[in-house]
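Trainee: Could you take me through one part of this model closely? I would like to look at the contact between the chains, and then at the salt bridges.

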Amino acid sequence: MNRNGPDRQSQRQLGRISRRAMLLGAAQLGGFGLLAARMYQLQVLEADRYAVLADENRINVRFAVASRGMIVDRFGQPLATNRTSYRIAVVPEEAEDLAALLDRLDRIVPLAPEHRQRVIELARRQRAFVPIVTHSNLTWKEIAHVAARSPDLPGVEIAATDERVYPTGELCAHVVGYVGAVAKKDLTGDPVLALPDLRIGKSGVERVYDDALRGEAARRQVEVNAVGRVIRELHRDPGKPGATVRLALDAELQRYGASLFGEETGAAVVMDIHSGEVIALISRPSFDPGLFPDGISQVNWDRLLNAPNAPLVDKAIAGQYAPGSTFKMLVALAGLESGQITPKTKFHCSGVLELGKGRFHCWNRGGHGSVDVHDAIVQSCDIYFYEVARRIGIDRIADMARRFGLGSRLGIDLPGEQPGLIPDKEWKRKRFDRPWQIGESLVAGIGQGYVLATPLQLAAMTARMVNGGQLVRPGLLAESAHPGQAEDTLTVSAQALDIVRRAMIGVTSEPKGTAASSQIPHERLRMGGKTGTSQVRRISQRERRQRVLRNDELPRQERDHALFVGFAPIDAPRYAVSVIVEHGGGGSRVAAPIAADLLRVAQMRLSQNQPT
Amino acid sequence: MRPARLSPRFSLASPAAAADPASLWYRVTRLDWWLIGLIVALAGIGFAILYSAADGSWQPWAGKQALRFGIGMVMMIAVATISFTLWWRTAYLVYALALALLVMVEFTGVGEGSQRWISLGFMNLQPSETMKLALVLALARYFHDLDENQVDRIVVLIPPAVLTGIPALLVLRQPDLGTAMILVALAVAVTFLAGLAWWKFALGAALTAAAGPLAWRFLLHDYQRDRVLTFLDPGRDPHGAGYHILQSKIGLGSGGLFGKGFIGGTQSQLSFLPEKHTDFIFTLLAEEFGFFGSILLAAIIIGIIGCCYAIMMRCESVFARVLVLGLATNFFLYAFINMAMVMGLLPVVGVPLPLVSYGGTSMLTLLIGFGFIQSAAIHRGRLPLRHRGIS
């Protein structure tokens, strides 16, 4: 081939190079084949997956809290509502000179120096397009001043937020509850919960109906870049404002009832005996729910938490008291049902009953003489019920009490309800590993000893007794589907219920009735009921032998609780009530008048304002 | 198109019958216009992507890149039309100059974190890029001059090892692992082409494997180790070193078959993708033009390499063949490593996509490299043999 150039060796060399070049070229082609396969994998096979990832990258959802629904009473009076509160933020990148801007702002609405320092600090750390809040909780007037100078204030943003207010204040605090900022334990992964403006229900109705009240946050789908700046809006969902929750509660009755307590502590419940609607749920003392939405201070919180009369506890549903003589109606029913007594059965009350070595006293030391079941309830004779309890035993009493809703939670739509306690033989064995003593049956027969009930349970018990034996459950909503709509009828004979109901009328109507002086003085609004006095301290045998101290001779925390359960009107019962005045003394003297006033006003308001 | 057959082959001395090989016009007509066309196409795609990367603007990248490309093309043709013999003669001198620049960068280099550039006033020069060219030149010259019978002796490998080792270590110090590895890979490829026995390659590979753990321990920087570890397990650091590769794969994959359209790439336009105008520019292309765009780009690159192989086959000297193949391999390594890197097949090392990524030095050195190849195409690599025995 060569005429004058390279030698043969060189030709062989060139040949070798081209052969090896082919190998190298093949390897390089192979490399590109690998790349092509990878492209195919990423861009064809897995394209969908990466498309989703790309969208997740760039699409961000921004939420705006929906305005929280109102809570109103049965007549539409607001119990929880919103007030617009204004707030100012500065966007550092839009402000020409942040320090000068803050100075100008400070002249319109004062800015604390340390807060100003924090704003400048934040402006240095955050991205320049993120607004920094300088003022919150401004009034409309202050905001108007700022808005008027807005050409002078580049980068200043005004935003409105809702602030929760409670017009009835402490009157309905336990029922309505309060809202607060989202705590760590409330986080469920729902991104809405991470919004700083969001307030969620922490107690009461605010908590139970939080979902409905909260509504649906507005959602804005926005495209953001890698540092989070919004580039454009892709989609907007206006969300839904929270629903208004209408309660069966009558705020005026609630206010009136609270005033009846004066300085006394305790609880009262008024409910509709047919629907179970709770129209008053009073717990004294109370607290101001307005302290909570912006975060309660530690000092205030400690004061509320440690107050001796427990203002934070809803005593109407969480206070557990010995029901005292209000329990006797159940013992009477259990006795009648068991056949151990009839309406005609009489026992003699001499003021004391001896059982083995024990002596059981009647509140009337002189004795009631010979009494039947009607008289025993009317005069609240202890000896009669000792005798019934001795004959039928604790288990029959407990069974009857449970049928009337005692001993377990009724399931009212409020957090924190307590179950009370109805003891029986089984319970005692489990709890103390001891057999039940007959004497304990006697004590339980007059609603003392282990027996505990909440005011709500006592009201529900009374409702079931006088509504013809419907299994009614208390509920807070004023809706057609009442939580307490009767599903069932109690398995108690109508005849026995009638005896008890008539005896309750006797309590307030007959001269010897324990609450005769508290009868409602309107013919058509009259009430029936039962008094109760529940002993807080134990009376020793020695004290019995000398002289039992009168209540006003005792320190306050040792005085008896005063109770009353009742209903009205007597001809066609509509409302049930329960009242407990802590350490108030006798039920007839302290609790019955409150109950009478509550029932009277409840009935009058019904005739005046027929709810829609 | 190519008046190749007009002149008698292998004839330096006797002038052609139809044209005067000495005339500039004659040389220009003998340029490989296929190669030039593909280079222009590739660079053109680069301008378009840089235009898109700036959100539809010639500023700040695409315009400057086009200007540089124009200058580079003039330099390429100049290099091509100057006598090929000159490059053979000055190969070692060019190497020495490049090495001098590389040493200079040790003392006067500019750059953040790593010293890679020399400021020339109008542009920053990256001596490691020019070194690739110079190394291929020097090695081609070395193997050309080697007596064929000596090729297979181990001692003949010492000069290439030194020629490669010094710049590789210097580059590694900068630190620039990617370029250092490319230098070594180039030397290996050239040695392979020159005809070293198979078993010696096998031995070399075994030694390299054995040296791997030592290099890991002593030669690599923490961040380089980090990159390799992250490459092996990208979930290890999704916000740090793994972020790049994750975002790049999202960009590539979400492009799908046909892409999101010109200037429509969300990953890159919303700056999730780092270095979108340099090392990760292929991701932007793949996101906006999809699988077909990616394949088209790969096809152009293969076409360019193919042209080089065709030129190589026509060259009549060891120097020319080794030089052309070495430069083609350099181009291949750039493209392959860059694309494999953005696809998550290789660890992230700073290797640009040739002629496409924004950057002055790599553009100019690549085009000068193509100038050498074109020069070989024109002159067919006719060179005197100057065997100097190495004992």
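**Interface and salt bridges**

Mentor: Start with chain B. Of its contacts with a separation of 6 or more, 74% are between residues 24 or more positions apart. Chain B has 15 helices and two strands. Buried residues make up 57% of its 391 residues.

This is a predicted model, so confidence comes next. Chain A has an average pLDDT of 87, and 94% of its residues score at least 70. Among the elements of chain A, strand β19 (residues 575–581) has the highest mean pLDDT, at 96. Helix α20 (residues 541–546) of chain A has the lowest, at 67. Residues 1–7 of chain A have a pLDDT below 50. That stretch still has 11 contacts in the model beyond near neighbours in sequence. Where pLDDT is low, predicted coordinates should not be read in detail.

Now the interface. Chain A brings 46 residues to the contact and chain B brings 61 residues. The two chains bury about 4,600 Å² between them. Carbon and sulfur atoms give 67% of that area. Three residues stand out on chain A. A:Arg20, A:Phe32 and A:Gln43 supply 17% of the area that chain A buries against chain B, more than any other three residues.

What about polar links across the interface of chain A and chain B? The rule finds nine residue pairs in polar contact there, with both residues at pLDDT 80 or more. It finds zero salt bridges between chain A and chain B.

Which elements of chain A form the side that touches chain B? Helices α1 (8–45) and α2 (47–58) and strand β8 (218–224) of chain A each supply at least two residues. α1(A) gives the most, with 29 residues. By residue type, the side of chain A that touches chain B has 25 nonpolar, 14 polar and seven charged residues.

Turn to the salt bridges. Over all chains, the search finds 34.

The side chains of A:Lys240 and A:Glu216 meet in a salt bridge, at 3.8 Å from N to O. A:Lys240 is in the loop between β9 (230–237) and β10 (245–246) of chain A, and A:Glu216 is in the loop between α8 (210–214) and β8 of chain A. The partners are 24 residues apart. Are they buried or exposed? A:Lys240 is partly exposed, because its relative accessible area is 49%. A:Glu216 also counts as partly exposed, at 43% relative accessibility.

Next, A:Lys315 and A:Glu582 form a salt bridge at 3.9 Å, N to O. A:Lys315 lies in helix α11 (residues 315–318) of chain A, and A:Glu582 in the loop between β19 and α21 (587–608) of chain A, so this pair ties together parts that are 267 residues apart in sequence. Both A:Lys315 and A:Glu582 are buried.

A:Lys328 and A:Asp382 are both buried.

Finish with a network. A:Arg68, A:Arg164, A:Glu206, A:Asp210 and A:Arg214 are joined into one by salt bridges that share partners.

How values were computed: Residues are numbered from 1 along each chain as its sequence is written. Chains are lettered from A and ligands numbered from 1 in the order in which they are written. Side-chain values use heavy atoms; hydrogens and water are left out. Contact means heavy atoms within 4.5 Å. Buried area is the accessible area (1.4 Å probe) that two parts lose on being put together, summed over both. A salt bridge is a side-chain nitrogen of Lys or Arg within 4 Å of a carboxyl oxygen of Asp or Glu. A polar contact is a pair of N or O atoms within 3.5 Å; within protein, one must be able to donate a hydrogen and the other to accept it, and residues adjacent in sequence count only if both atoms are side-chain atoms. Helices (H or I, at least four residues) and strands (E, at least two) are DSSP runs, numbered from the N terminus. Ala, Val, Leu, Ile, Met, Phe, Trp, Tyr, Cys and Pro count as nonpolar, Asp, Glu, Lys and Arg as charged, and the others, Gly among them, as polar. pLDDT is the predictor's confidence in each residue, from 0 to 100. Buried means under 20% relative accessible area, exposed over 50%, partly exposed in between (1.4 Å probe, protein chains only).
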